[in-house]
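This report describes selected side chains and the contacts they make. Please look over the sequence and the structure before reading on.

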Amino acid sequence: MKKLSKVQQKQQALVINVADMLEEQARAEIPGMVQCWFDVEYHLFPGSLLLCFQFEDEQALEAAKPDLLKWQKRLSAAMLKKGVILKDMRKHLTFTLQGPED
């Protein structure tokens with residue numbers, strides 16, 4: 001993997017900070033939420049950012065789906081506070097059963 005530039009390192013720190021904060025809130029509020037992980041291509045940031053909330057089973061995932069928009073709004077607001085504008089918040093957060101290695 002190519003070494004990240006200083007700007008990309010700052011972007012990574014920002015994304016990790018926001019992801020950790022949202023993960024903490026989600027674990028407290030959403031039953032069955034296992035972890036939050038993200039994928040990003042820093043040369044296409046912020047358009048390539050994708051945060052995933054991983055759930056332990058299909059039942060927990062289905063129960064949480066009505067709250068997806070609320071969490072997308074929280075991600076957008078948290079990124080905006082850090083000075084990053086997400087043009088289409090619906091593209092940047094998803095609920096899944098997949099892990100980061102899948």
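A residue is called buried when its relative accessible area is under 20%, exposed when it is over 50%, and partly exposed in between, with a 1.4 Å probe and protein chains only. This is a predicted model, in which local features need pLDDT of at least 70 and side-chain atom pairs count only at pLDDT 80 or more, while totals for chains, interfaces and linings use all residues. Residues are numbered from 1 along each chain as its sequence is written, and side-chain values use heavy atoms, with hydrogens and water left out.

A salt bridge here is a side-chain nitrogen of Lys or Arg within 4 Å of a carboxyl oxygen of Asp or Glu, and by this rule there are 4 salt bridges, including those in the table.

| Salt bridge | Closest N and O atoms |
|---|---|
| Glu29 and Lys70 | 3.7 Å |
| Glu29 and Arg74 | 3.1 Å |
| Lys65 and Glu62 | 3.4 Å |

Salt bridges with shared partners join Glu29, Lys70 and Arg74 into one network. Glu29 is partly exposed at 42% relative accessibility, as is Arg74 at 26%. Lys65 counts as partly exposed because its relative accessibility is 41%, and Glu62 is partly exposed at 42%.

Gln72 is placed in helix α3, residues 68–81, where helices are DSSP runs of H or I with at least four residues, numbered from the N terminus. Gln72 counts as buried because its relative accessibility is 5%. Beyond its neighbours within four places in sequence, Gln72 is in contact (heavy atoms within 4.5 Å) with Met89, Arg90 and Leu93.

Technical notes: Helices (H or I, at least four residues) and strands (E, at least two) are DSSP runs, numbered from the N terminus.
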